[in-house]
Amino acid sequence: MSDNTRNDNPNEPRPSAPATFNNWERDTLERLVFATVREQRAARRWGIFFKLSFLVLAFFSIWAYFDFNFGTSDIESLGRHTALIEIEGSIDEEGSGAADTVIPSLNKAFSDAGSAAVVLRINSPGGSPVQAGIIVDEIQRLKRGYPNKPLYVVVDEICASGGYYIASAGDKIFVNKASIVGSVGVLMDGFGFTGLMDKLGVERRLLTAGENKGFLDPFSPQSDKQKQHALSMLNEIHEQFIAVVRAGRGKRLKENPEIFSGLYWTGAKAVEMGLADGFGTVDTVARDVVKAEDIIDYTAHEGLPERVLKKFGASVGAGAVKSVYRGAVPSLR
């Protein structure tokens with residue numbers, strides 16, 4: 001029989017499939033298995049991500065709720081007490097010295113039936129005359145609305161310029177003998193780089209529509225006209241400051257040529273000059289003056305979400321822009 005003759009015997013074993021066919025099946029199966037595993041892993045990762053996101057959101061929501069409401073429930077549950085509001089740091093459009101922060105606290109403290117008096121604790125070197133003026137206007141309005149509820153100021157380390165602008169609206173000011181008090185003045189500071197630019201051969205190309213649009217530009221020469229205009233604005237704000245101090249302190253103020261010159265003094269000297277009324281702390285004022293030793297803090301404190309955002313740099317950009325903008329703004333400091 002020839003080698004090419006077909007073998008029709010069914011009992012005789014057939015030759016096995018080529019090795020390449022078996023490898024193809026195995027490779028395809030492995031790819032399917034690995035793809036399934038990857039999909040399962042991805043699904044687990046996304047599931048974990050969404051669960052963690054939900055937990056974080058729930059945590060912040062619960063924290064914000066209690067951060068906003070816990071103080072209110074405490075205040076409502078107590079009887080007669082001394083209301084405390086703290087201003088720490090610069091009088092600025094942000095922070096504890098901002099009008100948007102202080103005014104809601106003032107309103108809550110004055111309107112609470114259990115508060116016998118409001119104590120404003122100030123530790124500030126000064127800041128914005130606008131923010132200080134807004135706070136003073138609100139204090140005066142609240143004092144008219146609640147004539148039987150006094151507002152006392154307690155000075156910590158320093159109460160100067162814009163800080164004293166606010167303090168002068170209080171019924172009485174208490175200091176420590178070594179506190180720094182006063183600085184009734186206004187300033188506007190900046191830098192001029194024209195001389196340096198000339199030495200470096202740098203040309204300033206500033207185009208304006210309006211003769212004074214480049215007012216106080218640090219890279220352009222300062223004209224006498226612009227300087228006089230700036231001084232006129234500062235003097236006007238200074239007069240506003242003086243008027244608030246005189247109205248607040250009245251006949252207690254022992255005026256002399258230096259009292260509104262921008263100088264500041266120790267707390268002991270401030271009492272002698274009538275810039276302050278006596279020595280005391282928040283505790284002694286609550287105990288001895290208000291006669292209500294229980295002290296409730298009405299200060300609007302920054303919540304955890306804001307602190308976390310700032311920690312991770314959410315406000316860096318705004319701070320950079322603001323630092324540039326502040327260059328030529330009048331300041332009570």
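**Ground rules.** I am working with a predicted model, in which local features need pLDDT of at least 70 and side-chain atom pairs count only at pLDDT 80 or more, while totals for chains, interfaces and linings use all residues. I number residues from 1 along each chain as its sequence is written, and my side-chain values use heavy atoms, with hydrogens and water left out.

**Whole chain.** I found ten helices and eight strands in the protein chain; helices (H or I, at least four residues) and strands (E, at least two) are DSSP runs, numbered from the N terminus. Of the 333 residues, 34% are buried, where buried means under 20% relative accessible area, exposed over 50%, and partly exposed in between (1.4 Å probe, protein chains only). I also looked at contacts, meaning heavy atoms within 4.5 Å. Among those with a separation of 6 or more, 74% join residues 24 or more positions apart.

**Confidence.** I checked pLDDT, the predictor's confidence in each residue, from 0 to 100. Its mean over the protein chain is 78, and 66% of the residues reach 70 or more. Where is confidence lowest, and where is it highest? Helix 10 (residues 316–325) is lowest with a mean of 40, and strand 4 is highest at 97. I noted that residues 1–7 stay under 50 and have one contact beyond four places in sequence. Residues 68–75 are also below 50, with five contacts in the model beyond near neighbours in sequence. A reminder to myself: where pLDDT is low, the predicted coordinates should not be read in detail.

**Strand 2.** I turned to strand 2 (residues 115–124) and counted ten of its ten residues as buried. Strand 1 (residues 81–88) pairs with strand 2 in the parallel sense over eight bridges; two strands pair if DSSP finds at least two bridges between them. Within this pairing, Ile87 has Ile122 of strand 2 as its bridge partner. Between these two strands the chain passes through helix 2, and the β-α-β crossover is right-handed. That word applies if, with the strands pointing away from the viewer, the path from the first strand over the helix to the second runs clockwise.

**Strand 3.** Next I looked at strand 3 (residues 151–160), where seven of the ten residues are buried. How many bridges join strand 2 to strand 3? I found six, and the two strands run parallel. Ile122 turns up again here, opposite Val155 in strand 3. From strand 2 the chain reaches strand 3 by way of helix 3 (residues 129–145), in a right-handed β-α-β crossover.

Val153 has Ile173 of strand 4 as its bridge partner. Helix 4 (residues 162–167) carries the chain from strand 3 to strand 4, and this β-α-β crossover is right-handed. Strand 5 (residues 180–182) is another parallel partner of strand 3, with three bridges, and Ile158 stands opposite Ile180 there.

**Helices 2 and 3.** I then looked at how these two pack. Helix 2 (residues 99–111) and helix 3 meet at an angle of about 10°, with their axes 9 Å apart. Axes here are lines fitted to C-alpha atoms, for helices over the stretch in contact, and angles run from 0 to 180 degrees between N-to-C directions. The contact includes Val102, Leu106 and Phe110 of helix 2 and Ile135, Ile139 and Leu142 of helix 3.

**Two serines.** Ser161, in the loop between strand 3 and helix 4, has a positive phi of about 50° although it is not a glycine. Is Ser161 buried or exposed? Ser161 is buried, with a relative accessible area of 0%. Ser183 lies in the loop between strand 5 and helix 5 (194–200). Its phi is also positive, near 60°, and at 8% relative accessibility Ser183 counts as buried.

**Leu263.** My last stop was Leu263, in the loop between helix 6 (224–249) and strand 6 (264–266). Leu263 is partly exposed, at 40% relative accessible area. Val184 is 79 residues away from Leu263 in sequence, yet their C-alpha atoms are 7.0 Å apart. Not counting residues up to four places away in sequence, Leu263 touches Gly182, Ser183, Val184 and Glu258.
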